Amino acid sequence: MSRINFKSLGTQVAIALVAGIVAGILLQGMPEAVTEYIRLFGKIFLNLLKFIVVPLVLFSIVCSIISMNDLKSLGRLGTRSVFYFMVTTLIAVTLGLTVSTAFGNYYPSLSFKTGEAAEAVNVTLSDQILNFFPQNALEPLLTNSMMQVIVIAVFIAVAIIKTGEKAKPVAELIVSANEVTTTILRFIMALAPIGVFCLVCPVVAENGAKVLGTFAVLMGVAYFSFLLHAIIVYGGFVAAIGRMSPLRFFREMIPAMLFAFSSSSGLATLPVTKRCVERLGVNSKISSFVLPLGATINMDGVAIYLGTAAVFIAHCCGIELSMSDYFAIALSCTIASIGTPGIPGGSLALMAMVFASANIPIEGVALVAGIDRIIDMARTTMSITGDASCAVVMQKITEKER
């Protein structure tokens, strides 16, 4: 029987997660100032991670591309990654709608108070595509607009390759900056167990058993859908195309999955995910490109939950959804998931759009908002696991072409 390695990040984060849950239960009756004090350190840790994410993504993508020195390889990797994410997102939406509909008879009847409606967000596919391209070179770096940061990084890297020898000093400067950024990241990650504890504890202390009981069916269906998608879709792709044991994949991904679960931020989890996939044998050139791209456009967890929540509210209100309603929900979920920010609660802003697409009462957004943080923990875990599966698959495809 192997001994537990208490020095590993995964073990420390797991212990911190359990300790945070226990402390949260014990602190439910304590003054609000206590949870605010604990949350303060969690927010500090998240802020440190968010501060390093932009330079990490910018420099690592540029270094990844210039190290390839082959624009055709970059084009193939980018196209394949986007295709992979689109396929898994469509499967995720279909799975969420199917499972949620199957459990429809177990949903309670609900009514809404007036004045609780959330403002619908009209987001089209063309809007999402337009938002990929920055109109200002600095604004994306200041606002953490990750897709725009990726576009900027690609332009810089391609320009360096095309310029050739004259751009060598710029390339060396970026490589050095990437090394410095990685060192700063190591400093921040040393605080991960403390950060996880301080992030989880307030969530448990504030929500308690009451919220969990009221929406147990919705949360159960959502979590069940997440689990099915991870095992069948991600595990299936990793085994069939990545030629890797799904058990090994999920075991090595535990540190990133635990961190994503506690932080509810795909962007903040990015450094941990990168470390995990590289332990799985993924080349740094591939992980540095695929993972930031996935953290921006791959939101399978969001896609599943938006569809699940839409069907849940419709059933609770006695609304019969037609096939055209299901298609409308699926399309809007796919569009919304691509544009969801990788931060806690990022999907609520677009949930109203999904509801409006099938004439589901938008007031339902306010109703499910109470458990959004708890669901967010699992759907973020789902999304970063999907990013990692893509990296493993892309690594194997690239190896076969050599």
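In the predicted model, Leu280 is buried, with a relative accessible area of 5%. This residue is placed in the loop that joins H12 and H13. Beyond residues up to four places away in sequence, Leu280 touches Met244, Arg248, Phe249, Glu252, Met253 and Val392.

Helix H12 covers residues 266-279 and helix H13 covers residues 284-297, and their axes come within 10 Å, with a crossing angle of roughly 150 degrees. The crossing of H12 past H13 is right-handed. On the H12 side the contact involves Leu267, Leu270, Thr273, Lys274, Val277 and Glu278, and these meet Ser284, Ser287, Ser288, Leu291, Pro292 and Ala295 of H13. By residue class, the contact of H12 with H13 comprises six nonpolar, four polar and two charged residues.

Helix H11 spans residues 254-263, and it is largely enclosed by the rest of the structure because seven of its ten residues are buried. The buried residues in H11 are Pro255, Ala256, Leu258, Phe259, Ala260, Ser262 and Ser263. Just after H11, Ser264 adopts a positive phi of about 55 degrees.

A positive phi also occurs at Arg243, a residue other than glycine, with a value of about 55 degrees. Most residues other than glycine have a negative phi. Arg243 is located in the loop between helix H9 (216-240) and helix H10 (246-252). With a relative accessible area of 59%, Arg243 is exposed, because the threshold for that class is over 50%.

Thr385 belongs to helix H18, which runs over residues 372-401. At a relative accessibility of 1%, Thr385 counts as buried. Apart from residues up to four places away in sequence, Thr385 touches Tyr234, Phe249, Phe250 and Met257. For one of these, Tyr234, the C-alpha separation from Thr385 is 7.7 Å, although the two residues are 151 residues apart along the chain. Phe249 is listed among the contacts of Thr385 and also among those of Leu280.

Cys333 is found in helix H15, which is formed by residues 323-338. This cysteine is counted as buried, because its relative accessibility is 0% and the limit for burial is under 20%. When neighbours within four places in sequence are set aside, Cys333 is in contact with Val93, Ala303, Leu306, Gly307 and Val354. Cys333 and Tyr305 are 28 residues apart along the chain, and their C-alpha atoms are separated by 8.9 Å.

Two further cysteines were examined for burial. Cys276 has a relative accessible area of 4% and is buried, and Cys390 likewise counts as buried, at 0% relative accessibility. Across the whole structure, the search finds zero disulfides.

Among contacts with a separation of 6 or more, 84% are between residues 24 or more positions apart. The accessible surface of the protein amounts to about 18300 Å², and carbon and sulfur atoms account for 66% of that surface.

Terms used. Residues are numbered from 1 along each chain as its sequence is written. This is a predicted model: local features need pLDDT of at least 70, side-chain atom pairs count only at pLDDT 80 or more; totals for chains, interfaces and linings use all residues. Side-chain values use heavy atoms; hydrogens and water are left out. A disulfide is a pair of cysteine sulfur atoms within 2.5 Å. Buried means under 20% relative accessible area, exposed over 50%, partly exposed in between (1.4 Å probe, protein chains only). Contact means heavy atoms within 4.5 Å. Accessible areas come from the Shrake-Rupley method with a 1.4 Å probe; for residues, only the protein chains shown count as cover. Helices (H or I, at least four residues) and strands (E, at least two) are DSSP runs, numbered from the N terminus. Axes are lines fitted to C-alpha atoms, for helices over the stretch in contact, and angles run from 0 to 180 degrees between N-to-C directions. A crossing is left-handed if the near helix is turned anticlockwise from the far one by less than a right angle, and right-handed if clockwise. Ala, Val, Leu, Ile, Met, Phe, Trp, Tyr, Cys and Pro count as nonpolar, Asp, Glu, Lys and Arg as charged, and the others, Gly among them, as polar.
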